[in-house]
Amino acid sequence: MSFIPLVDLKAQYRAIKPEIDRAIQQSIDSAEFIMGERVRKFEEEFAEFCGARFAVACSSGTTALHLALLCCGVGQGDEVITVSHTFIATAEPICHCGATPVFVDVDPETYNIDVNLIEQAITPRTKAIIPVHLYGQPADMDPILRIAQKYGLKVIEDAAQAVGAEYKGRRVGTIGDFGCFSFFPAKNLGAYGDAGMVTTSNESDARRLRMLVNHGRETKYEHKIVGYNYRMDALQAGILSVKLQHLADWTEARRRLAHRYNELLKGLPVVTPAEKFHHVYHLYVIQCDNRDELQKALESEGIATGIHYPIPLHLQPCFQDLPGAGKGHFPVTEKIASRILSLPMFPELTDTQQDRIAETIRKFYEY
Ligand SMILES: *Cc1c(COP(=O)(O)O)cnc(C)c1O
């Protein structure tokens, strides 16, 4: 019985080893390790891929969000609206700006922000909204943009899980004021370490972002603003340039596998993902009864699964001082946190492996 991981990064490397090895060697030979030509080239390729005017490379998805918030002028006393059901990194940078995250519950079908709950969360201190394109599916951006326009708010897309996903024909990251991407190794486009990107269509914002990532400078030793060291490594940019060329194929493979899972799981007491908008299936998440038992049954058959995420943000120990903290405030988030299960999902997953996963789930519910 061979083990099936949640994500198989070794299989991906095996498939493109010569290209990756060449890119790494070239980076080392050039001895240009931080920023430089490779980073600039990858920024251009990534902007073109997204259909964004500008892409500014940075050190992670978390720093991408921090940079976008700083660029919006979010600071002490401000509030930023986001979801209770997401990875912690969506909210941390809000706190790093001295602002307060204000959570909104999610839609029970798409797991993305419930657009009907946004307006009631707005106060005179609200500066921005961060919708998350969770699991790879775009949030419903039109109503979000309408609300943002009505109240004069900025929209920062957390597209960390959704590179390449499309909302009504536009790639995510180009719909709001800023798009924030993560190239964490397990993401759909993963580096061999940490890396991230901010996209924008605004030239002066792009210029400010470039200063912020690199010690507030445009020339070597003049620092116009107090910035950060949030730069991308050239090694990562070289690897990401190679991998970007495969992303469309990998996305197609993910989508095919997701649709195949839907077929294989038909008739079982599990809720398969609702595809409302073009979905790139960073994760394939089902909802099920007896989740913990099912997870154990899969584990004992050598099948890894995950829970994204078991503890909602408003129940995190670090956020207990926030408004809306504590049980009962976000019922959809709380309900799904006990029912969701992420099944293995990566482009190299074979049909045979997938059949075995589905068969194990079928057997579990037949007992
Ligand atoms: C991964 C992720 C981030 C953070 O990205 P890092 O590159 O790990 O810093 C932010 N938001 C979401 C939704 C993520 O999945």
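Hi everyone, let's start with a definition: two rings of Phe, Tyr or Trp (for Trp, its six-membered ring) count as a pair if their centres lie within 6.5 Å, and the planes make the pair stacked when under 30 degrees apart, edge-to-face when over 60, and tilted for the rest. By that rule, there are 15 aromatic pairs here.

A word on the model: it is predicted, so local features need pLDDT of at least 70 and side-chain atom pairs count only at pLDDT 80 or more, while totals for chains, interfaces and linings use all residues. Residues are numbered from 1 along each chain as its sequence is written, and side-chain values use heavy atoms, with hydrogens and water left out.

Now, which kind of pair do Phe103 and Phe330 make? Their centres are 6.5 Å apart and their planes stand at 85 degrees, so this one is edge-to-face. Phe103 belongs to strand E3 (residues 100-104), and Phe330 to the loop between helix H8 (291-300) and helix H9 (331-337), 227 residues apart. Helices (H or I, at least four residues) and strands (E, at least two) are DSSP runs, numbered from the N terminus. Phe103 and Phe330 are both buried, meaning under 20% relative accessible area, with exposed over 50% and partly exposed in between (1.4 Å probe, protein chains only).

Next, Tyr261 and Tyr284 are stacked, 4.4 Å centre to centre with 20 degrees between the planes. Tyr261 sits in helix H7 (residues 234-264) and Tyr284 in strand E13 (residues 284-288), so the pair ties together parts 23 residues apart in sequence. Tyr261 is buried at 0% relative accessible area.

Finally, Phe42, Phe46, Phe49, Phe181 and Phe183 form one aromatic cluster. Thanks, everyone!
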